[in-house]
Amino acid sequence: MSGEDDIRDTGDGIRGTAKGTAPVPLSVLDLVTVGAGRTASDAVRTAVGIARTAERRGFHRYWVAEHHSMPGVASSSPAVLLAHLAAHTESIRLGSGGVMLPNHAPLIIAEQFGTLEAMAPGRVDLGLGRAPGTDGATAAALRRSDRLHEGADDFPQQLAELTRFLDDSFPDGHPYAKIHAVPGPVQATSPGGVQSAHRPPLWLLGSSGFSAQLAGSLGLPFAFAHHFSAANTIPALDLYRASFRPSEVLAEPYALIGVSALATEEEEEARRQVLTGALSMIRLRTGRPGLVPSPEEAAAHHFTERERDFVDSWLGNVIHGTADAVRQGLDDLAKRTGADELMITANAHGGPARLRSYELIADAYGLPEA
């Protein structure tokens, strides 16, 4: 997957095109979940299937998210997963939603995503978050430090450093001026060097106002985690748009939102499937993370009154049901938020249910088969 023939014409690499009757471009966020009775290898095979289905059906991009110390989520290494997915796809944009910047040295991220760009020229996104993607103890182990709050506070400086590495643009006299992220622009300035004109566009991710305001002030695209912070969606998008300053990257704001949605042939089956995600979240939030339970296990679980309240609240933000019902829910959400793109995550125990959901949503919007 190298050479000039592999470079895709992707415009600015950010804005997608709505297809079929979809109100905005549709994309995929895959948590690469591992269900009870399944293995991480099964989850990775499902991820490949989802990415290829998304590509075939005209979804704009496919992202994976960094999580750690969660048995039910096999996406601790986004760059590794994306390299595997790049080898199994041809045109869909691939990216991180996101890499948690405070967990890593900026140079490492620049090198990893420069390598991905060499594997899949012109179709790699670098989405960045400032949360650890895990609990505090695991974050400390990742960073070899317990100064976690400082890491989040340093996010703008870390972002600036990463940008300099990606652009090879440290000024003369800077301690890093002679350090280069490779693969990267420095190769074009070496004798006989030829370098791709593309570099992964940066996205800022968030579930509150901090990253929204920072993305706006820097003129970067913004991705909001509506799927687990729905109450903050509209305030964060409003803040992003109000803070936006045109840049070389974007002349106007561009915001996508992550949304949890699952379509099935029968409404009752949709409820049965999404209940597994709700039970999984209950266990995670009470310090008992595990594999995603099966529909049978979730149906047999005795929910306490407090747990039932959580389930009702959680599922209130999961668009689920028949394909027509999910289409209506997505249409309403796009209209209510003004999002420029919807990134759908389909959480269920088994890979077949998740794959089928994306097919049904594509059918509901009349997305053409490639």
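How much accessible surface does the chain have, and what percentage of that surface belongs to carbon and sulfur atoms? The accessible surface comes to about 16,400 Å², of which 52% belongs to carbon and sulfur atoms, as computed by the Shrake-Rupley method with a 1.4 Å probe.

This is a predicted model, in which local features need pLDDT of at least 70 and side-chain atom pairs count only at pLDDT 80 or more, whereas totals for chains, interfaces and linings use all residues. Residues are numbered from 1 along each chain as its sequence is written, and side-chain values use heavy atoms, with hydrogens and water left out.

**View 1. The fold of the chain.** The chain holds 14 helices and 9 strands, taken as DSSP runs (H or I of at least four residues for helices, E of at least two for strands) and numbered from the N terminus. Its radius of gyration is 20 Å, close to the 21 Å that the globule rule gives for 370 residues, so the chain is as compact as a globular protein of that length; the radius is taken over C-alpha atoms, and the rule is 2.2 Å times the number of residues to the power 0.38. Of the 370 residues, 51% count as buried (under 20% relative accessible area, with exposed meaning over 50% and partly exposed in between, for a 1.4 Å probe and protein chains only).

**View 2. The salt bridge between Asp 30 and Arg 354.** The side chains of these two residues meet at 2.4 Å, N to O, in a salt bridge (a side-chain nitrogen of Lys or Arg within 4 Å of a carboxyl oxygen of Asp or Glu). Asp 30 belongs to strand 1 (residues 26-30) and Arg 354 to helix 14 (residues 351-364), so that the pair links distant parts of the chain, 324 residues apart. Both Asp 30 and Arg 354 are buried.

**View 3. The salt bridge between Arg 57 and Glu 369.** The closest N and O atoms of this pair are 3.9 Å apart. Arg 57 lies in the loop between helix 1 (40-56) and strand 2 (61-64), and Glu 369 in the segment after helix 14, so the bridge ties together parts that are 312 residues apart in sequence. Arg 57 counts as buried at 2% relative accessibility, whereas Glu 369 is exposed at 52%.

**View 4. The salt bridge between Glu 269 and Arg 272.** Here the closest N and O atoms are 2.9 Å apart. Both residues lie in helix 10 (residues 267-285), and, being 3 residues apart, are separated by about one helical turn. Glu 269 is partly exposed, with a relative accessible area of 27%, and Arg 272 is partly exposed at 32%.
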